[in-house]
2 protein chains.
Amino acid sequence: MARLKKYNPLRVYRKRIADRKRAKNPRIAVIGSGSWATALVKILLNNSSKINWYIRNPEMIEFIKTNHHNPKYLNYVTLDTNKLNFYSDIKTIVEESDVLFFAIPSAFLKESIENKNINWEGKLVVSAIKGIVPNENLTITHYFELKQNISPNNIAVISGPCHAEEIALEKLSYLTIACPRISRIYHIAGLIRCKYVNTFVSKDIEGIEYAAILKNIIAIGAGICHGLGYGDNFQAVYVSNAIREMKRFLDDLKRSNRQIDSSAYLGDLLVTSYSQFSRNRTLGTMIGKGYSVQTAILEMNMIAEGYFASKCIFEMKKKMRIETPIIDAVYKILYQNKPAAEIIEALTKEMH
Amino acid sequence: MARLKKYNPLRVYRKRIADRKRAKNPRIAVIGSGSWATALVKILLNNSSKINWYIRNPEMIEFIKTNHHNPKYLNYVTLDTNKLNFYSDIKTIVEESDVLFFAIPSAFLKESIENKNINWEGKLVVSAIKGIVPNENLTITHYFELKQNISPNNIAVISGPCHAEEIALEKLSYLTIACPRISRIYHIAGLIRCKYVNTFVSKDIEGIEYAAILKNIIAIGAGICHGLGYGDNFQAVYVSNAIREMKRFLDDLKRSNRQIDSSAYLGDLLVTSYSQFSRNRTLGTMIGKGYSVQTAILEMNMIAEGYFASKCIFEMKKKMRIETPIIDAVYKILYQNKPAAEIIEALTKEMH
């Protein structure tokens with residue numbers, strides 16, 4: 001039987017002081033070593049004297065400690081290693097941090113944290129992952145809520161039109177942080193804001209997370225059209241249709257007074273659909289140019305989140321009473337082996 | 001004193017037959033010789049056995065007759081001169097046509113048609129001009145209505161995300177034709193539709209015309225940002241803000257159930273803001289890179305409609321009770337000689 005601790009006013013007082021101090025000065029962690037994780041570290045180093053950084057591979061940690069840059073991603077960004085604590089054990093970094101930015105591919109999330117006996121109590125989990133947990137068919141925030149038993153109020157997402165490559169170059173970017181309990185994230189927004197990053201906050205965590213997932217599917221479609229030879233005139237019509245399809249989907253999911261034309265929705269869609277940097281668009285372009293889906297996936301060294309998302313979103317939308325011609329077309333090409341040229345030609349008839 | 005014509009049933013019958021035939025087979029004219037006029041001729045030749053074409057310069061007419069292509073614009077497009085009647089007199093072409101597509105720079109509209117004693121009765125004027133009549137500060141359709149006394153029901157606009165260069169390459173494009181009396185334009189839409197052009201019709205002639213004007217101003221701003229070194233991340237936020245600014249402006253002008261995210265509004269904005277072909281964006285880029293406004297205008301061989309539009313729209317919006325940070329910023333740079341870097345930096349603070 002657990003013995004109750006004797007009431008000790010000094011201990012209670014000290015704890016309260018420590019809690020307050022922590023709320024003002026939370027211990028920040030970044031989980032992941034890809035380009036977006038590296039960009040987040042760069043951003044957060046502007047306002048924090050220490051960042052905890054989880055990298056699975058100890059050799060990569062050694063490399064960064066010696067060379068002060070990431071060997072594989074954004075390797076032209078110099079990192080101040082004096083301000084970095086490295087971890088290759090996930091349980092320890094969670095224990096020793098208060099706010100955890102997850103920026104690993106969604107496909108690796110489960111194996112990174114499951115069966116590790118992690119205690120999430122009092123932690124704020126911020127997902128910078130834009131995708132679906134494969135097999136579970138859950139969004140990242142739903143996965144944390146349902147499978148890791150984290151309260152929704154302790155889960156946030158960070159999103160917005162933001163190529164890591166431009167963060168590396170310190171080009172002005174805008175990020176949106178969303179959490180159902182908005183008071184949880186004002187301070188986080190402040191930690192991220194810097195000379196080249198502006199921040200917005202939002203309560204629409206579900207809408208923003210799904211927007212980020214949908215835009216990857218849409219970008220694959222944009223790439224397919226581009227690969228097939230459709231031009232800028234069509235691309236403009238495609239994107240105009242896509243943002244309305246996204247609005248229908250999000251409204252069906254959860255009505256809200258969201259402004260679909262703001263940067264976390266339309267902006268994010270634009271930067272992905274129009275950019276050369278986008279992996280999802282590149283995957284689509286290869287398929288449009290005639291590569292088989294499997295070959296295109298193998299040829300790319302990075303994971304295109306939209307590929308997994310397409311399947312999950314298609315399953316979801318079956319239960320909805322909305323028209324989603326773009327989601328349907330991408331699914332048919334990726335998973336039903338349908339010829340891209342025919343499917344896209346049929347899609348052009350549904351534009352309005 | 002005019003003598004009343006004697007009633008002649010045969011004459012009345014013949015006229016009725018001729019009118020019906022004309023309604024089904026209107027005589028089509030294109031006014032102008034630039035790239036958009038040439039693209040329109042190419043499109044219209046798909047469905048018409050004869051097109052009347054007004055080109056001011058008789059030498060250019062001779063060149064096209066001999067060489068079967070336009071010497072200056074889209075010169076890789078072969079034109080079937082057997083199906084073309086050329087005119088260098090505006091009064092005659094109007095007399096001998098029923099539907100007139102105007103595709104000349106807005107700055108030349110007045111001198112082309114004023115004091116020419118033109119009879120517009122029974123004509124349908126379709127404006128493919130995206131701009132403002134300088135000095136008059138009138139849109140093209142208002143100019144035709146107020147200064148040429150044409151009934152609004154006989155005025156239409158044709159718009160949409162459509163680079164002439166892509167029409168030349170037969171890349172799939174979508175055009176919107178708008179007229180307050182929508183029954184007037186179904187047939188016109190049919191004449192334009194072809195293998196590589198789809199058409200929509202709309203009643204929102206005012207909204208669509210102003211959208212096409214505003215997008216040129218916005219594209220100048222996008223170019224300025226690009227020239228100053230802002231990247232894709234910011235461009236996405238800029239365009240997201242711009243479409244909401246456009247919506248505020250159009251709603252203030254005339255409330256309607258227009259879908260701002262459809263191709264005649266958002267699509268048109270996207271193709272202009274993101275494209276290398278756009279003259280307005282190029283003008284902006286030069287200014288952003290440090291050229292003075294006057295030098296940038298001189299250096300360009302084509303007219304950037306947004307330059308004139310900026311002044312007129314800024315005057316209009318003064319009487320409105322809406323925020324238009326982008327319109328204001330572009331105006332200040334173009335007309336008040338304010339430093340672009342400072343104005344755009346201030347603008348970045350107003351993005352949301």
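Chain A and chain B bury about 2,900 Å² between them, with carbon and sulfur atoms giving 59% of that area; buried area here is the accessible area (1.4 Å probe) that two parts lose on being put together, summed over both. On the chain A side, Tyr174(A), Asn233(A) and Asp261(A) supply 22% of what chain A buries against chain B, more than any other three residues. The contact draws 36 residues from chain A and 36 residues from chain B, where contact means heavy atoms within 4.5 Å.

A word on the model: it is predicted, local features need pLDDT of at least 70, side-chain atom pairs count only at pLDDT 80 or more, and totals for chains, interfaces and linings use all residues. Residues are numbered from 1 along each chain as its sequence is written, chains are lettered from A and ligands numbered from 1 in the order written, and side-chain values use heavy atoms, leaving out hydrogens and water.

Now to the fold of chain A. Its C-alpha trace spans about 75 × 45 × 40 Å along the principal axes. Among contacts between residues at least 6 apart in sequence, 70% join residues at least 24 apart. Of its 352 residues, 58% count as buried, meaning under 20% relative accessible area (1.4 Å probe, protein chains only).

How values were computed: Buried < 20%, exposed > 50% of the residue type's maximum accessible area, 1.4 Å probe, protein only.
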